[in-house]
Each structure stands twice: as structure tokens, then as C-alpha cells.
Amino acid sequence: METVNAKKKSALSVTIGQLQLANPVMTASGTFGYANEFDSLVDLDCLGAIIVKGISLQPRPGNRPPRIIETACGMLNAIGLENVGVERFITDKLPYLKQLSSPVIVNILGDSIEDYAALAARLSDTEGIAALEVNISCPNVKKGGVAFGTDPAMASAVTSAVKKATSLPVIVKLSPNVTDITQIARAVEDGGADAISLINTLLGMAIDIRTKKPKLANVVGGLSGPAIKPVALRMVWQTAQAINLPIVGIGGIGTTEDALEFLMAGATAIQVGTANFYQPTAANEIIAGLKQYIHDQGLKSIREVINSLQV
Ligand SMILES: Cc1cc2nc3c(=O)[nH]c(=O)nc-3n(C[C@H](O)[C@H](O)[C@H](O)COP(=O)(O)O)c2cc1C
């Protein structure tokens, strides 16, 4: 009980549904491996949470290379959701993650609603997992490949199926590749999500003008990094006006100032993604920077910053 109370009192602590976090800074799925890769570079025990690479029922090899290219102020990736599969995740990766002090959130992905529900049930039975983050950017193979995250009815259905299958807090991660993000956010809220995270990558492409070929073998890929920050911030702000759930902001966050912008726009917590590749200590530095900011501003808690934007 003492640790829970200590967390409640801490100036940086935030609450996402039933999830109590010591601070609002998490590492984003797919940019932080299974954490052990960052062992020698990052203080892994002080993070708000660690979100692991997206896990599917079966292992996936991912797409052919080239799968990553650099762009102006960002990168394009078409990794193709390569991962070790849920069983190897539990036996090979989770034991290391479990001995860290930071909570572990597992990002899940599937080709059908049944896949998502089966993953949620399997991970619910496993010790050492604080919450699930549901990646709905994947195509529903059964329904002809339409991404779950672009169809409000499917987004709602996958959310309620996952909620039924697990007692863990469920954070649904939205795709920005839609006309109206608030429509999908409302559908996911109706489906029973405990929180929403946004954004995933924006669809993009790049061409090699010498060969006249796409730079990515997959032709199109997901754009991430500082280039997408203004789009992500706008979507977080719009979504904060539209729903009552806690929001986790993601997209181009690499500095304390970036994190503060997302909190002011209405995010309760944030994730550091692409920045982990060029500045592995970014998450640690943001935690220290937020502490310094509330001290300098004479605030009692970071919670006073959330939704403080004045329009
Ligand atoms: C190489 C790479 C792999 C990613 N893999 C996943 C994934 O498995 N599941 C997921 O939900 N998001 C994945 N993402 C998206 C990130 O978690 C994040 O939402 C996105 O990159 C935007 O944040 P950023 O600009 O800070 O990187 C991946 C991103 C990158 C760059």
C-alpha cells in the first residue's frame, strides 16, 4: 500500500484508467525492442511504462528489405510487424522485462477479431503485464484487408472483444490514416476502451530517382519522427475535445518541450518513439525535464499541465 500511496503523492505520477504510472513517459512500441536492447544506454527502471514491439499469435518474419529509410526530419518504415509470436514472447522476453521496476505494456496485433481476443486472453493469464495496447492499424484479413482502425464499427468491435477477453486495462492505439480521428476515437470509447493512444505512423512513400524504384521494398511505409509532431498534436487536441477517456500522445516526441505540448493539448501521458533511435536517453531526459519544469513553474504536480492549453 505504501508504494501506491507514494506514487499517488509523486509530482509526476499520472493515472490511465486503473493504471498508476510513476511518471507520464513511456517508450513506444516497435522503437524500443523488448527493452533489453537498451539496457546499457537507458535507465529502464524509471520509465512510466515500457511498451514492447507488437505481438501476434504466431511469429511473423516481416517484410523484405529495404524496410527503413531516412526522410526529412523523420523515417519511413515497413517492418511488416515482425515479431517472435506470443508464446516465445512469454518464455524468452517477458522474464527479463518482469524484473524491471517499470510497468510493461504489451502491444497486440491480429488479422481478425478472434486473433485479438485470443491474444488478450493468453496475456491476461500471464503474470508481469500491466496493460495491453491494441494496435488497430492492421488489416482485417477476413473482411478483405480493411484496417480495423479506419472503420468505426470494426474499431469498436475489436475493442469490445479485447475488453471481454481480459481484465487488464486496455489502451487502443489509433491510426492517423483517417479523415476524422474523433469518429474512430468515439467508436473505441463506445467499445469500452480504458484509454486511447495516438498516433501510429502516417502512410508515406519515397522514390529513388536513379532507379525509378520505390525506396522501400513494400513501396509504402509508415512515417514517424519529428516530421509528424504537428499532425499528432492536432489529433490529440481534437480527440481530447471529443471523448472522456485518458489519451496517450505519440508522434515525434523527443524533448521535454515536445512532451509538454502534448500534455497541454490534453494527453495524460506520452510515448517516445523514433527518438529512441537517434537519442536513446530521450525518455530519461524528458522525465528529468518534466520534474524541472514543474519546479520552475511552481506547480505541485504534472497533472496541472494536462489539458491546460488556452485557445
Ligand atoms: C520501426 C518502427 C516499428 C514500429 N512498430 C510498431 C508496432 O509494432 N506496433 C505499434 O502499434 N506501433 C509501431 N510503431 C509506431 C510507433 O509506436 C509510434 O506510434 C510512431 O512511430 C509515431 O511515434 P514517433 O514519431 O515518436 O516514432 C513503429 C514505429 C517504428 C518507427
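How far is an oxygen atom of the ligand from an N or O atom in the side chain of asparagine 135? The distance is 3.2 Å.

## Basis

This is a predicted model, in which local features need pLDDT of at least 70 and side-chain atom pairs count only at pLDDT 80 or more, while totals for chains, interfaces and linings use all residues. Residues are numbered from 1 along each chain as its sequence is written, and side-chain values use heavy atoms, with hydrogens and water left out.

## The ligand site

Two further pairs involve oxygen atoms of the ligand. A backbone N or O atom of serine 29 lies 2.7 Å from one, and a polar side-chain atom of lysine 53 lies 3.1 Å from one. The protein buries 97% of the 610 Å² that the ligand exposes when taken alone (Shrake-Rupley method, 1.4 Å probe).

The shell around the ligand consists of seven nonpolar, 15 polar and two charged residues. Here Ala, Val, Leu, Ile, Met, Phe, Trp, Tyr, Cys and Pro count as nonpolar, Asp, Glu, Lys and Arg as charged, and the others, Gly among them, as polar.

## The nonpolar cores

A nonpolar core is a set of buried Ala, Val, Leu, Ile, Met, Phe, Trp, Tyr and Cys residues joined through side-chain atoms within 4.5 Å; buried means under 20% relative accessible area (1.4 Å probe, protein chains only). The largest such core has 92 residues, of which Phe89, Val106 and Leu174 touch the most other members. A second, separate core has five residues, including Leu76 and Ala206.

Definitions and conventions
Buried means under 20% relative accessible area, exposed over 50%, partly exposed in between (1.4 Å probe, protein chains only). A polar contact is a pair of N or O atoms within 3.5 Å; within protein, one must be able to donate a hydrogen and the other to accept it, and residues adjacent in sequence count only if both atoms are side-chain atoms.
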